[in-house]
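This report sets out selected local features of one protein model and its ligand. Please consult the sequence and the structure while reading.

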Amino acid sequence: MREFAPFFNGLEMKPRDLAVKQALLRKLKSREAVIGIVGMGYVGLPLALRYAEVGYAVVGFDVDRSKVDALNDGRSYIEHIEASTVKEARTKKFEATMDFERASRADALIICVPTPLNRYREPDLSFVVGTAESLVPHLRGGQVVSLESTTYPGTTDEELKPRIESRGLVIGSDVFLCFSPEREDPGNPEYVTRTIPKVCGGSTPDCLEVGVALYEQVIDKVVPVSSTRVAEMTKLLENIHRAVNIGLVNEMKIICDRMGIDVHEVIRAAATKPFGFVPYWPGPGLGGHCIPIDPFYLTWKAREYGLHTRFIELAGEVNRNMPEWVVGKVMEALNERGKALKGSRCLILGIAYKKNVDDMRESPAVELMEILVRRGASVEYSDPHVPVFPKMREHKFDLRSVSLSPERVASYDVVLVATNHDAFDYEMVKRSAKLIVDTRGVYLQQTPNVVKA
Ligand SMILES: NC(=O)c1ccc[n+]([C@@H]2O[C@H](COP(=O)([O-])OP(=O)(O)OC[C@H]3O[C@@H](n4cnc5c(N)ncnc54)[C@H](O)[C@@H]3O)[C@@H](O)[C@H]2O)c1
């Protein structure tokens, strides 16, 4: 506790509390603790597998029966997580369940459930609150609860703490409460859960001490911060930093296009500066669970303080307009070739939200497809990571990925590169396509049938 006390103006503990904390720390450090992870998605599953790998008993909680069954059968439903890793974990002490009563046997409960926006683009905390309400009846003294879902500063202390305390459990002496933001980067081969440093903030110094001990067992570097609110804001800063910089390069792209300059060439040149410049790449719009959504958690919370988040709104506006701008470029390019968009056949290359993953959440490719269809074009897509267009809450396409051959590529009026997966044969596409509209800068050289957008 001494180590973390400077953050908290020297709060001291009563002797009884010390015993609860010491027992939990001992269990965590000896790996006898049972780790419960709630939400077996892109964030929760890799973390569960990591705890299982080092020998903990791990219980994965989820409300989706198909996921629970798949995991217990040793199958994976996430492309970059091998079934063999799940099988291996099952031979150790990992299992999945829908039975929240089992939370009482866990020593740690780590919450990794979705935090989307509602239809008014306001934070939808229903999954976090729903999870808290499922867990609270089964909580007991001597547990640590850590929230990982991205959210606005104050969520842990305003939403979780009172619910836990409603059971008569005292935060910081009975139950230890933390926020530790997830930093998964699916599809990035350079980092795995263990090697991505993890920020952790606690509600009290003892909460922080226990939180650090929880994560130190499986993550190489844990970065303690002074409060849950600092940890919550850290994650938002990271994502807002990306959203704003992507907004900036998207605006630069529009300016460069008007001036006849290739923005990708400009960014590549600027990136040779060894200090003070970080390259961000423009695209057809923002995608994924995080960048299009998380900044608006802060926008919403800032209003409570009478503040207006101007950078966030501006970046959001620029980024949201990109699909329309790209379709404008498609129309222009077809027009120059004597064709209208209406009645044209379009092939979308890549529909996942970023390269080399199967994740479709908030993918701008889907919006491109919708605009194209609305304007009278017909669309098909090719994406080796997404063989069938998935069920999505707000979008419906009854399509399967087409396989690419020179004849097939030549049969479309336009090929729109929306996501630059490594698996595509870009040379073949260039040789065969009548017209390519490239939103990702995959074609470096100027070529008559390639238009950059
Ligand atoms: N995917 C990423 O790369 C990433 C990166 C950083 C942070 N995050 C954040 O992590 C959080 C989780 O994201 P994700 O990508 O893992 O989402 P996900 O949709 O892949 O997984 C969430 C899981 O939670 C389950 N779930 C929903 N409600 C539940 C409940 N009440 N009880 C138990 N399980 C429930 C769902 O069935 C699903 O399996 C979000 O806040 C997200 O912003 C995600």
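Predicted model: local features only at pLDDT ≥ 70, side-chain atom pairs only at ≥ 80, totals over all residues.

At 44% relative accessibility, E362 counts as partly exposed. As background, most residues other than glycine have a negative phi.

## The ligand and its surroundings

The ligand is surrounded by 26 residues, and the closest are Y42, V43, D62, K67 and T115. By class, this shell consists of 12 nonpolar, seven polar and seven charged residues.

For K67, an N or O atom of the side chain is 2.8 Å from a ligand oxygen. A polar backbone atom of Y42 is 3.0 Å from an oxygen atom of the ligand, and for H289 the distance from a side-chain N or O atom to a ligand oxygen is 3.1 Å. The protein covers 91% of the 830 Å² of accessible area that the ligand has on its own.

## Aromatic pairs

The structure holds eight aromatic pairs. One of them joins F61 and F100, with 5.4 Å from centre to centre and 35° between the planes, a tilted arrangement. F61 belongs to strand 2 (residues 57–61), whereas F100 lies in the loop between strand 3 (94–97) and strand 4 (108–111), so the pair ties together parts that are 39 residues apart in sequence. F61 has a relative accessibility of 0% and counts as buried; F100, at 13%, counts as buried too.

The pair of Y381 and F389 is edge-to-face, because the ring planes meet at 75°, with the centres 6.3 Å apart. Both Y381 and F389 are buried.

## N420 in a loop

N420 is located in the loop between strand 11 (414–417) and helix 14 (426–432). Is N420 buried or exposed? Its relative accessible area is 18%, so N420 falls under the 20% limit and is buried.

Leaving aside residues up to four places away in sequence, N420 touches K355, Y426, R440 and V442.

## S126 in helix 5

S126 is found in helix 5, which spans residues 126–135. With a relative accessible area of 44%, S126 is partly exposed. Its side chain makes a polar contact of 2.6 Å with the side chain of D124.

How far apart are S126 and V429 in sequence and in space? They are separated by 303 residues in sequence and by 45 Å in space, C-alpha to C-alpha.

Note on methods:
Residues numbered from 1 in each chain as written. Heavy atoms only, no water. Near = heavy atom within 4 Å. Polar contact = N/O pair within 3.5 Å; in protein donor to acceptor, adjacent residues only side chain to side chain. Areas by Shrake-Rupley, 256 points an atom, 1.4 Å probe, with all protein chains shown as cover. Nonpolar A, V, L, I, M, F, W, Y, C, P; charged D, E, K, R; others polar. Helix = DSSP H or I, 4+ residues; strand = E, 2+ residues; numbered from the N terminus. Buried < 20%, exposed > 50% of the residue type's maximum accessible area, 1.4 Å probe, protein only. Contact = heavy atoms within 4.5 Å. Phe/Tyr/Trp six-rings, centres within 6.5 Å; stacked < 30°, edge-to-face > 60°.
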